[in-house]
Amino acid sequence: MRDKKFLIINMILNILIIAMGIILFNNPAFGLLDPVYYFSIYFFTLTFLSLIAYFICRRRDNEENLILAVISVITGTYLFLSKGSMDSNYLAMSIIIFTTLFASYKGYAIYRYKDNDSYKWFLELVNTFVIVLIGFLTVINLFNEVSVQTLIFGFYFISLGTIDLLEILIYTFLKSTYFKTIYKKISKEEK
């Protein structure tokens with residue numbers, strides 16, 4: 001039951017992250033305000049949502065939501081301290097900070113899952129690789145046009161939420177009894 005509650009809360013968190021990206025993607029004029037300041041608010045919102053998810057379903061073996069909140073507050077603080085600057089380098093650096101810290105934690109999670117002989121390490125590895133790839137592709141494409149930056153940030157949030165949501169759905173499928181019966185049937189046929 002506790003594992004089910006954890007998965008449902010993380011699915012809701014990722015749906016909210018996708019919704020944040022859709023809001024940015026559909027309203028590129030938001031970036032005309034002060035994009036550095038505006039995106040710091042987005043990262044603080046991500047911090048708030050991650051902390052709520054962490055406190056709703058605290059688990060000793062998985063502190064991913066707490067780590068996501070810490071990473072988001074570090075990124076949001078960096079942007080907030082550099083507010084008033086319309087330079088796209090601050091936005092690019094924020095994505096680099098977020099992606100690097102997130103990938104570092106995911107690397108630790110991969111090591112921990114692989115140490116426990118869990119198959120989840122492969123899901124984490126693929127997830128981390130895709131998030132890092134999208135993060136650095138996003139940084140490369142940050143132009144000086146503010147509305148384009150808003151669209152790209154929206155794309156980044158949509159991608160981040162979708163990738164994590166897919167990881168949860170695949171993990172749920174792999175733990176289901178349906179998958180286990182199919183796996184047993186296939187392994188019997190191979191013998």
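1. Terms and basis. A residue is called buried at under 20% relative accessible area, exposed at over 50%, and partly exposed in between, with a 1.4 Å probe and protein chains only. This is a predicted model, in which local features need pLDDT of at least 70 and side-chain atom pairs count only at pLDDT 80 or more, while totals for chains, interfaces and linings use all residues. Residues are numbered from 1 along each chain as its sequence is written, and side-chain values use heavy atoms, with hydrogens and water left out.

2. Overall fold. The protein has 7 helices and 0 strands, which gives the pattern α-α-α-α-α-α-α along the sequence. Helices (H or I, at least four residues) and strands (E, at least two) are DSSP runs, numbered from the N terminus. Of the 191 residues, 45% are buried. Contact here means heavy atoms within 4.5 Å. Among contacts between residues at least 6 apart in sequence, 76% join residues at least 24 apart.

3. Surface. The accessible surface of the protein is about 10,600 Å², and carbon and sulfur atoms account for 70% of it. Accessible areas come from the Shrake-Rupley method with a 1.4 Å probe; for residues, only the protein chains shown count as cover.

4. Nonpolar patch. Tyr37, Ile41, Phe80 and Leu81 make a nonpolar surface patch of about 390 Å². Helices α2 (35-56) and α3 (64-81) each give two or more residues to this patch. Patches are built from residues with over 30% relative accessible area and no salt bridge, like charges being joined within 9 Å and nonpolar side chains (Val, Leu, Ile, Met, Phe, Trp, Tyr) within 5 Å. One member, Ile41, is found in helix α2. Ile41 counts as partly exposed because its relative accessibility is 36%.

5. Nonpolar core. In soluble globular proteins, nonpolar side chains tend to be buried together. A nonpolar core is a set of buried Ala, Val, Leu, Ile, Met, Phe, Trp, Tyr and Cys residues joined through side-chain atoms within 4.5 Å. The largest such core has 36 residues, and the ones that touch the most other members are Leu24, Phe39, Phe43, Leu46, Phe98, Phe153 and Phe157. Two or more residues of this core come from each of α1 (2-26), α2, α3, α4 (88-115), α5 (120-140) and α6 (146-175). Leaving aside neighbours within four places in sequence, Phe43 is in contact with Ser72, Thr75, Gly76, Leu79, Ser94, Phe98, Phe153 and Phe157.

6. Salt bridges. Side chains of opposite charge can pair when their charged atoms come close. Glu64, Lys106, Glu124, Asp164 and Glu167 are linked in a network of them.

7. Lys106 and its partners. Glu64 forms a salt bridge with Lys106, with the closest N and O atoms 3.2 Å apart. That pair links distant parts of the chain, Glu64 being in helix α3 and Lys106 in helix α4, 42 residues apart. Both Glu64 and Lys106 are buried. Lys106 also forms a salt bridge with Glu124, at 3.1 Å between the closest N and O atoms. Glu124 is buried, as is Lys106. For the salt bridge between Lys106 and Asp164, the closest N and O atoms are 3.9 Å apart. Lys106 lies in helix α4 and Asp164 in helix α6, so this pair ties together parts 58 residues apart in sequence. Asp164 is buried too.

8. Helix α3. The 18 residues of α3 should span 26 Å at 1.5 Å a residue, and the end C-alpha atoms are 26 Å apart, which agrees. The expected span is 1.5 Å times one less than the number of residues. The buried residues of α3 are Glu64, Asn65, Leu68, Ala69, Ile71, Ser72, Thr75, Gly76 and Leu79.

9. Ile56 lies in helix α2 and is partly exposed, with a relative accessible area of 41%. Not counting residues up to four places away in sequence, Ile56 touches Lys5 and Ile9. Ile56 and Ile9 are 47 residues apart in sequence and 7.9 Å apart in space, C-alpha to C-alpha. Tyr90, in helix α4, counts as partly exposed at 30% relative accessibility. Tyr90 and Tyr78 are 12 residues apart in sequence, with 8.5 Å between their C-alpha atoms.

Definitions and conventions. Salt bridge = Lys/Arg side-chain N within 4 Å of Asp/Glu carboxyl O.
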